[in-house]
Amino acid sequence: MPFLVRFLLRHAVIGVGVAAVFVALLAAFDVAHLGTLFATSSDGPLALVVLTLALGVTFGSVQMGFAVMLMSDKDEPKGGHRHRIRLTRLVPRLARVPAGR
């Protein structure tokens, strides 16, 4: 399997695991009486599964986004920011915008 596919799947599974822990904590601490709903209602297990899947998609997507945005670029030169171009002075410029309706 290609590296990027494994990378995204690994981080999606991490996000789904965090979501499962989050739902378990919501039920254990009975936040907004969710634990009571899951335990006493006839549709409680279905609600538990739906909430876990919905939060799994959300947390998995967020974790994948974090992982992609925090990837380092291998082409950067060694030594940090010393080799980057520095912006020494900002010069404002006028931008003409036609007024129209």
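This is a predicted model: local features need pLDDT of at least 70, side-chain atom pairs count only at pLDDT 80 or more; totals for chains, interfaces and linings use all residues.

Modeller: Residues are numbered from 1 along each chain as its sequence is written, and side-chain values use heavy atoms, with hydrogens and water left out.

Biologist: Fine. How many helices and strands are in the chain?

Modeller: The chain has three helices and zero strands. Its pattern along the sequence reads α-α-α. Helices here are DSSP runs of H or I with at least four residues, strands are runs of E with at least two, and both are numbered from the N terminus.

Biologist: What does α3 span from its first C-alpha to its last?

Modeller: Helix α3 covers residues 44-69, which is 26 residues, and reaches 37 Å from first to last C-alpha. That is close to the 38 Å expected at 1.5 Å a residue. The expected span is 1.5 Å times one less than the number of residues in the helix.

Biologist: Which residues of α3 are buried?

Modeller: G44, L55, G56, G60 and A67. Buried means under 20% relative accessible area, exposed means over 50%, and partly exposed is in between, with a 1.4 Å probe and protein chains only.

Biologist: And what do they pack against?

Modeller: The buried residues of α3 pack against α1 (3-28) and α2 (34-40). Contact here means heavy atoms within 4.5 Å.

Biologist: Take A67. What is it in contact with?

Modeller: Leaving aside neighbours within four places in sequence, A67 is in contact with F7 and H11. A67 is in helix α3 and has a relative accessible area of 8%, so it counts as buried. The C-alpha atoms of A67 and F7 are separated by 8.5 Å, although the two residues are 60 apart along the chain.

Biologist: Where is H11, and is it buried or exposed?

Modeller: H11 sits in helix α1. Its relative accessible area is 15%, so H11 is buried. Not counting residues up to four places away in sequence, H11 touches G60, Q63, M64 and A67.

Biologist: Switching to rings. How many aromatic pairs does a search of the whole structure find?

Modeller: The search finds two aromatic pairs. One of them is F22 with F59, a tilted pair at 5.6 Å centre to centre and 40 degrees between the planes. F22 is in helix α1 and F59 in helix α3, so the pair ties together parts that are 37 residues apart in sequence.

Biologist: What counts as tilted?

Modeller: Rings of Phe, Tyr and Trp (its six-membered ring) pair if their centres lie within 6.5 Å; planes under 30 degrees apart are stacked, over 60 edge-to-face, and the rest tilted.

Biologist: Are F22 and F59 buried or partly exposed?

Modeller: F22 is partly exposed at 36% relative accessibility, and F59 is partly exposed at 23%.

Biologist: What does UniProt list for "transmembrane region"?

Modeller: The unreviewed UniProt entry lists residues 12-34 and 46-72. UniProt positions are given in the numbering used here, feature names are shortened, and annotations may be inferred rather than shown by experiment.

Biologist: How much helix is there over residues 12-34 and over residues 46-72?

Modeller: Residues 12-34 are 78% helix and 0% strand, with end C-alpha atoms 25 Å apart. Residues 46-72 are 89% helix and 0% strand, with end C-alpha atoms 41 Å apart.

Biologist: Last one. What share of the chain is buried?

Modeller: Buried residues make up 14% of the 101 residues. Of the contacts with a separation of 6 or more, 67% are between residues 24 or more positions apart.
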